[in-house]
Amino acid sequence: NALLFQHKLKHSYPYDWRTKKPIIQRATPQWFANVRELKNTAWKSIDNVNVVPESGKRRLKAFVTGRSEWCISRQRVWGVPIPVLYNARTLEPLLTSESISHIAQVIKTKGGSDAWWKLPVEEFLLPQYLDNGETYIKGTDTMDVWFDSGSSWKLLENKVENREGAYADVYLEGSDQHRGWFQSSLLTSNAVRGVAPYKALVTHGFTLDEQGRKMSKSIGNTLAPSTVIEGGKDKKKEPAYGVDLLRLLVGSTDYTQDVSFGPTVFAGFSDIIRKIRGTVRFMLGNLDGFKPEMVVPYAKMSSIDRYMLHELYHFKQSAKQSFDKFEFFRAMQALNNFTNTTLSAFYFDISKDRLYADGVDDIGRRSAQTVLYHVLINYTTALAPVVPHLAEEVWEFFGPVRSQFGKDSFSVFLEQWDQTSSSWNNPDLAEEWTALRKIRGLANKAIEAARQEKVIGSSLEAELDIYLPLDSRLGVLLKSHEDELKLLCITSRAEVHPGVPHGSPADGYSQTEAVSAFGVDTSVSVVCRRSPLHKCPRCWNFHSDKADTLCRRCDITVAGLA
């Protein structure tokens, strides 16, 4: 009857995150490291580290400056022991530099850290403590795992050339490690060497399901990478996408944020992989039989081909800068943009006529092949870091052509990554082709208007008349590229005229816009008509005088084949 009063209180209580059960709290003596004097040095050393994203630097500094001590002991049944002996009577620790050196030597020579648990206490005592009338016991505390992992930089000590600065090029982990591994590594390295252990620090977010929920075993929404790669039990619901798709997906996302994954996302990236395969297949097919003697020197290339090499140069530089800054998703964005906008929707489209219909030795066809050769090499090396298996497959099929040029490396990873030339960089030419592509866009509107009215089907059935002031800079440019305009617009004819179109002919469809180029707006009108000529059965251009007969170009080319 000693209890005087009883009352129930409802309050928050810590639960174990894994078992979801309340934890037992107890007061236990702990070992602490004093980092009060160390944190200023550690804080300053972060300034020399490339932190990705930049916000991670502020976060890491906040954690470092916000602590003055570090509890380095844990009470667990596993882990690296804290090798301290205690007086059994007073529980005072026996901790001297000599005793620590002796214990370290025993552990080093007699089985590693397990020796602490297996050997008797006498093995770890110096001779002067064996018969001093006191009894000693081994401590059972284990080292904080962050101290273990935070000392991992020490493994690189004998593997780096420069032993003055940071040992590691990069540390990569999740955003939760600013308070964990990143910080413990920073503190231990500064304590011993006075510098940060890493040159760069890359932080990633976490994977979420398609509903934006954190993937968790307890929820049951985790997704094993092996399921994405090899497929699940039901291949219709969970098809096998392969490791390249998973790598491309990860490489194409902004990993600094939390990222959602799921079936819809995988299906989208499956389409991207197919697009990339189609792109390299087009280049491989058109490079069949290409030899060194067929290469066209840069100075003799057509304007469009030199412009394409300019675009290739800038794509590769952009990808390189992104890779160097660990912004893999930007490198993949550059590759996708180059694939879809520059290659597929533009250069491949306007080069098919030369590649398919010109003679094998025609300079126009060889010029386009020379560009494809350079593009395929640099495109494949750009793919390789993220999609290695596809890149190696391309490299293997590219082998017969590569060997002709002395490139016999069996792996794309043995090749120089950037094989573009700074001489391809031509801003003036790029400005001209930016203007010409705007004319192509205007022409497509006129062609589409004619197609909607069922006047034409294919754009090759069309003829274009382009009207603008010929004394304008844009007019001079179009007149100088008049022979290339039909290829640019994929029509059978395209001519440039001064002024504006007269009237509105019944058989023509006109589009007029102010085209911004070279710093000024120029009024341009494009009139689209159906060609009065007949379709050539070989090149499909409407250049034949009679139905089912070859045009003059194809007649000459076919005669040459005979």
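Predicted model: local features only at pLDDT ≥ 70, side-chain atom pairs only at ≥ 80, totals over all residues.
## Starting point

Contact, in this report, means that heavy atoms lie within 4.5 Å of each other.

In soluble globular proteins, nonpolar side chains tend to be buried together. In this model the largest nonpolar core has 93 residues, and those with the most contacts inside it are Met283, Tyr347, Tyr379, Leu474 and Val524. If neighbours within four places in sequence are left aside, Met283 is in contact with Phe348, Leu372, Val375, Leu376 and Tyr379.

## Aromatic rings

A pair of aromatic rings is described by the distance of the centres and the angle of the planes. The model has 22 aromatic pairs. In one of them, the rings of Tyr129 and Tyr136 have their centres 6.1 Å apart and their planes at 80°, so this pair is edge-to-face; both Tyr129 and Tyr136 are buried. The rings of Phe346 and Trp433, with centres 6.4 Å apart and planes at 70°, are likewise described as edge-to-face, because an angle over 60 degrees is counted that way.

Where in the chain do Phe346 and Trp433 lie? Phe346 belongs to helix α12 (residues 328–357) and Trp433 to helix α16 (residues 427–452), so the pair ties together parts that are 87 residues apart in sequence. Phe346 is buried, with a relative accessible area of 2%, and Trp433 also counts as buried, at 2% relative accessibility. Elsewhere, Tyr255, Phe323, Phe326, Phe328 and Trp417 form one aromatic cluster.

The charged end of Arg437 sits over the ring of Phe346, 4.0 Å from its centre, and the charged end of Lys61 sits over the ring of Trp43, 4.2 Å from its centre.

Ser303 lies in helix α11 (residues 303–324). Is Ser303 buried or exposed? Its relative accessibility is 9%, and because buried means under 20%, Ser303 counts as buried. The side chain of Ser303 is joined to that of Trp433 by a polar contact of 2.7 Å, and to the side chain of His481 by a polar contact of 3.3 Å. Beyond its neighbours within four places in sequence, Ser303 is in contact with Leu429, Trp433, His481 and Glu484.

## The buried face of helix α18

Glu484 brings us to helix α18 (residues 482–489), in which Glu482, Glu484, Leu485, Leu488 and Cys489 are buried. Seen down the axis of α18, these buried residues fall within an arc of 135°, so they line one face of the helix. An α-helix has 3.6 residues a turn, so residues three or four places apart point the same way.

Which elements cover the buried residues of α18? The cover includes the helices α11, α12, α16 and α17 (473–480), together with the strands β13 (462–468) and β14 (493–498). After α18 comes Ile490, whose phi is positive, near 55°.

## Ser525 in strand β16

Ser525 lies in strand β16 (residues 520–530) and counts as buried, at 5% relative accessibility. A polar contact of 2.7 Å joins the side chains of Ser525 and Thr512. When residues up to four places away in sequence are not counted, Ser525 touches Asp465, Ile466, Tyr467, Pro501, Gln511 and Thr512.

## Two further buried positions

Pro81 lies in the loop between β4 (73–74) and β5 (85–87), and at 5% relative accessibility this proline counts as buried. Leaving aside its neighbours within four places in sequence, Pro81 is in contact with Ser113, Trp116, Trp117, Asp141, Thr142 and Met143. Pro427, by contrast, is 346 residues from Pro81 along the chain, and the C-alpha atoms of the two are separated by 64 Å.

Val259 lies in strand β12 (residues 259–260) and is buried, with a relative accessible area of 14%. Without counting residues up to four places away in sequence, Val259 touches Phe206, Thr207, Leu208, Thr253 and Asp254. Val259 and Pro120 are 139 residues apart in sequence and, from C-alpha to C-alpha, 52 Å apart in space.

Technical notes. Residues numbered from 1 in each chain as written. Heavy atoms only, no water. Core = buried A, V, L, I, M, F, W, Y, C linked by side-chain atoms within 4.5 Å. Buried < 20%, exposed > 50% of the residue type's maximum accessible area, 1.4 Å probe, protein only. Phe/Tyr/Trp six-rings, centres within 6.5 Å; stacked < 30°, edge-to-face > 60°. Helix = DSSP H or I, 4+ residues; strand = E, 2+ residues; numbered from the N terminus. Lys NZ or Arg CZ within 6 Å of the ring centre and 35° of its normal. Polar contact = N/O pair within 3.5 Å; in protein donor to acceptor, adjacent residues only side chain to side chain. Arc of directions from axis to C-beta.
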